[in-house]
Amino acid sequence: MRLFGRWKRAAVGAASVVAAMALATGCGKKASSPDQRYKEAEQKQVKEFTTQFTGAYETTRDKLASDKVQSGSGDIVITLEDGGKSTLSALMGGTDLSWIKTLGMKMSAKIGKSALEESIALSLNDKALGTMNLVMSDNDLYLQIPELADKYMHIPGSVLGDSASFGEMMSEYKKLPEGKKLDELVTNYTKIITDAAKDVKESKEDVTVGDYTVNATKLEVTFDGEQLTELGKKIVETAKNDQNLADIIKASTDEETYEKFKESLEKEGEQKLEGKLVSTIWLGEGDKVIARELRIENANASENYVFTMKAPNKGEEFASEITFSEDGNELFRVDGKGKNNGKKMSGEFTFTQEGSKVAVLTLDELDLEALKKSELTAKGSVRLESESSSSMMDLSAFAIDFDLAETAKSTKGTVALKSGDTPYVTIAIDTTRGEGGEEPSAPSDIVDVSDDAAFEAFMKGANWSGYLGQLRQTDIPSNYLEMLEQSLKASGMMQ
């Protein structure tokens, strides 16, 4: 069996995880031998990563699994700037869009154990357009537009094609494993892998990215096919008797799924692996991992992969480079430089796919302390890239500016689409979150949309005249409203 031969996407995913792990920091006294030094550096790196991950995971898990009603409210205002109007107008054959300034959405929502309730009030240029009240309960969806009717339109799950009820979906969150169980799982299997690292080669080698160079200790270990086969068997034997792993799988699925998992383990344990896995890390001051490379070499096959990560620094300043290659062809790269004082990070980073630039991320500021708490405070921009910028709608003409502050209780900020210095669309967000309140439930005054006769009578009895009267108080051009009125009359819904 070729080593990881069919798992290209899995390899990319694993590379991303390793990259996140490699960016962690750490210090400590040196181990006595290359084997021990490699083992301790890797285990420490994994521990730091899982500690940060499980902290954020637990915050999210507690909310999702809570019996308390989760609630939120807020405003989103979308402003169509002059640059956006002129571009859209040109694309629409010169259609006049001068009457559009802002689209507002005032929202409120509650999520309970078995139902979700949400209200969205829409406005155009601060003038009311209408309201949508939605409820998800059991397998069904309920929709009310109060400007048209008091009744809710009941859309059964059979019409939606959804088999799982909302209550069932919410109950699944209670089955999520505790963060400490995930931490123990990753730590235990990391130890099995690092304990298998033997005959680690140690040497001195500088790590350089751009103008940044760090004197480092290089530690390299090779796992050949025979070693990997034995390691696989050990992991399988451990997993078969791992109660923690069994509890996690059973809690999120069921006993039958776990038994099938054990059967698949048996088959994997019988596989003989070919090829090599070469793992290399470079250690800086305090045995901090500042670079790593994973190289997968399949025997007699063209499917060979290399993942590299380098992050040398000079004090707070650093340069970084992350690449993923297959058979000598670079598929993906992220490189850049910036500053990191352990609390905040800034810098500019270029994303490249198969030799072509995809985007450039400029971080004016990223709050690292907030990230540890599963919060996000960041300011910067993303500039899209392409081979040509001759077309008006070429992606390379645009950039997305963002200034966001998200905590456990609120999200505030702006996102703007720009071309050069010209703004096209600006989105302002101001929302808050909390818990408590009355449990939401399905409404009782309803009309079933699957009952054709009842639904047709409901639509014909809706207050279309009153709603059109409300829309005429807005800035929507009268010719559009006349077209809507004629359409309603032609369909028989309005007399």
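**Exercise 1.** How many aromatic pairs does the structure hold?

*Solution.* The structure holds 6 aromatic pairs, where rings of Phe, Tyr and Trp (its six-membered ring) pair if their centres lie within 6.5 Å, and planes under 30 degrees apart count as stacked, over 60 as edge-to-face and the rest as tilted. This is a predicted model, in which local features need pLDDT of at least 70 and side-chain atom pairs count only at pLDDT 80 or more, while totals for chains, interfaces and linings use all residues. Residues are numbered from 1 along each chain as its sequence is written, and side-chain values use heavy atoms, with hydrogens and water left out.

**Exercise 2.** Characterise the aromatic pair of Trp-99 and Tyr-480.

*Solution.* Step 1: the pair is tilted, with 5.9 Å centre to centre and 55° between the planes. Step 2: Trp-99 lies in the loop between helix H3 (82-91) and strand E2 (102-111), and Tyr-480 in helix H13 (residues 478-490), so the pair ties together parts that are 381 residues apart in sequence; helices (H or I, at least four residues) and strands (E, at least two) are DSSP runs, numbered from the N terminus. Step 3: Trp-99 counts as buried at 18% relative accessibility, whereas Tyr-480, at 33%, counts as partly exposed (buried means under 20% relative accessible area, exposed over 50%, partly exposed in between, with a 1.4 Å probe and protein chains only).

**Exercise 3.** Describe the pair of Phe-398 and Tyr-424.

*Solution.* Step 1: the arrangement is edge-to-face, at 5.3 Å centre to centre and 85° between the planes. Step 2: Phe-398 is in the loop between strand E19 (376-384) and strand E20 (399-406), and Tyr-424 is in strand E22 (residues 422-435), 26 residues apart. Step 3: Phe-398 is buried, with a relative accessible area of 7%, and Tyr-424 counts as buried at 14%.

**Exercise 4.** Determine where Ala-216 is found and which residues it contacts.

*Solution.* Step 1: Ala-216 is found in the loop between strand E9 (212-214) and strand E10 (217-224). Step 2: with a relative accessible area of 4%, Ala-216 is buried. Step 3: leaving aside neighbours within four places in sequence, Ala-216 is in contact (heavy atoms within 4.5 Å) with residues including Ser-203, Asp-206, Trp-282 and Ile-290. Step 4: the C-alpha atoms of Ala-216 and Gly-284 are separated by 4.9 Å, although these residues are 68 residues apart along the chain.
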